[in-house]
Amino acid sequence: MNEVVAWFSDPYNWRGFGGVPVRLAQHLQYSALALVVALVIAVPIGAAVGHTGRGGFLIVGFANGLRALPELGLLTLLVLGVGVGLVPVIVALAVLGIPPLLAGTYAGIRNVDRAVVDAARGMGMRERQVLLKVELPNALPLMLGGLRAAALQVVATAVVAAYVSFGGLGRFLIDGLKTGDGGQAAAGAVLVVVLALVVEGVLALVQRLVVSPGLRAAGGTRRSPTAEVATTDTSVAAAAFHPVPEPSGVTR
């Protein structure tokens with residue numbers, strides 16, 4: 001404990017290219033890029049499958065398959081195939097962020113009240129308008145829950161960037177373990193934990209500000225991202241194996 005306090009008290013660790021502010025900025029850069037890539041891939045797929053109701057089995061299998069991939073092994077394989085660079089790091093982290101985003105988007109849209117969707121169609125809305133103006137806004141709580149879970153996992157795992165000679169807060173952890181500096185390694189771990197908690201808090205506040213009070217009330221008691229994702233995965237599987245029946249006369 002004293003070593004950790006001494007490390008944080010040393011001004012040398014807070015300035016220069018290897019200081020905490022620079023490493024923090026690098027860590028956030030890797031995490032943000034990976035989340036953007038994951039969002040671009042997961043949200044359109046989850047929205048399309050959730051809207052049409054087709055391909056639910058693929059969503060379940062794909063998400064579970066990505067969850068089972070070992071992050072460090074995947075990064076090593078990408079480095080061997082592509083070479084050392086930022087691309088393998090971002091791809092590996094994006095693969096980690098896709099499952100909760102995919103599950104949250106798909107389950108959120110499938111859980112929208114079918115009466116609301118049918119009413120939108122009855123008003124003459126096209127399928128694209130139903131998706132963008134009705135289903136996605138109502139699916140926002142689960143989608144943001146998936147985003148929070150994805151961000152938490154990506155931020156906590158972005159330390160692997162240091163494994164392939166990149167920066168980020170993982171640099172303190174990897175270098176500390178390599179040189180036998182327990183204080184530095186422990187300080188790096190503390191910084192990652194604190195950053196993950198701060199990101200979670202910020203996204204929780206954003207979720208509260210963005211989601212309408214009516215949807216929050218309908219969602220019941222606020223839960224942690226872990227609970228939301230667990231429920232989302234259950235909803236994904238249930239929707240895949242037991243599709244919501246469409247009223248007679250309604251076609252997609």
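**Aromatic pairs and nonpolar cores in a helical model**

In this predicted model, residues 24 or more positions apart account for 77% of the contacts in the protein with a separation of 6 or more, a contact being heavy atoms within 4.5 Å. Local features need pLDDT of at least 70 and side-chain atom pairs count only at pLDDT 80 or more, whereas totals for chains, interfaces and linings use all residues. Residues are numbered from 1 along each chain as its sequence is written, and side-chain values use heavy atoms, with hydrogens and water left out.

Reader: Why is Trp7 called buried?

Author: Buried means under 20% relative accessible area, exposed means over 50%, and partly exposed lies in between (1.4 Å probe, protein chains only). Trp7 has a relative accessible area of 8%, so Trp7 falls under the 20% limit and counts as buried.

Reader: Why are Phe8 and Trp14 called partly exposed?

Author: The relative accessible area is 24% for Phe8 and 39% for Trp14; both values lie between 20% and 50%, and therefore both residues are partly exposed.

Reader: What makes Trp7 and Phe8 an edge-to-face pair?

Author: Rings of Phe, Tyr and Trp (its six-membered ring) pair if their centres lie within 6.5 Å, and planes under 30 degrees apart count as stacked, over 60 as edge-to-face and the rest as tilted. For Trp7 and Phe8 the centres are 5.3 Å apart and the planes stand at 90 degrees, so the two rings pair and the pair is edge-to-face.

Reader: What makes a set of residues a nonpolar core, and which residues have the most contacts inside the largest one?

Author: A nonpolar core is a set of buried Ala, Val, Leu, Ile, Met, Phe, Trp, Tyr and Cys residues joined through side-chain atoms within 4.5 Å. The largest has 41 residues, and Leu75 and Leu93 have the most contacts inside it. Its largest share, nine residues, comes from helix 5, where a helix is a DSSP run (H or I, at least four residues), numbered from the N terminus. Leaving aside residues up to four places away in sequence, Leu75 touches Pro88, Val89, Ala92, Val160, Tyr163 and Val164. Apart from this core lies another, of six residues, among them Ile109, Leu131, Leu136 and Ala139.

Terms used
Helices (H or I, at least four residues) and strands (E, at least two) are DSSP runs, numbered from the N terminus.
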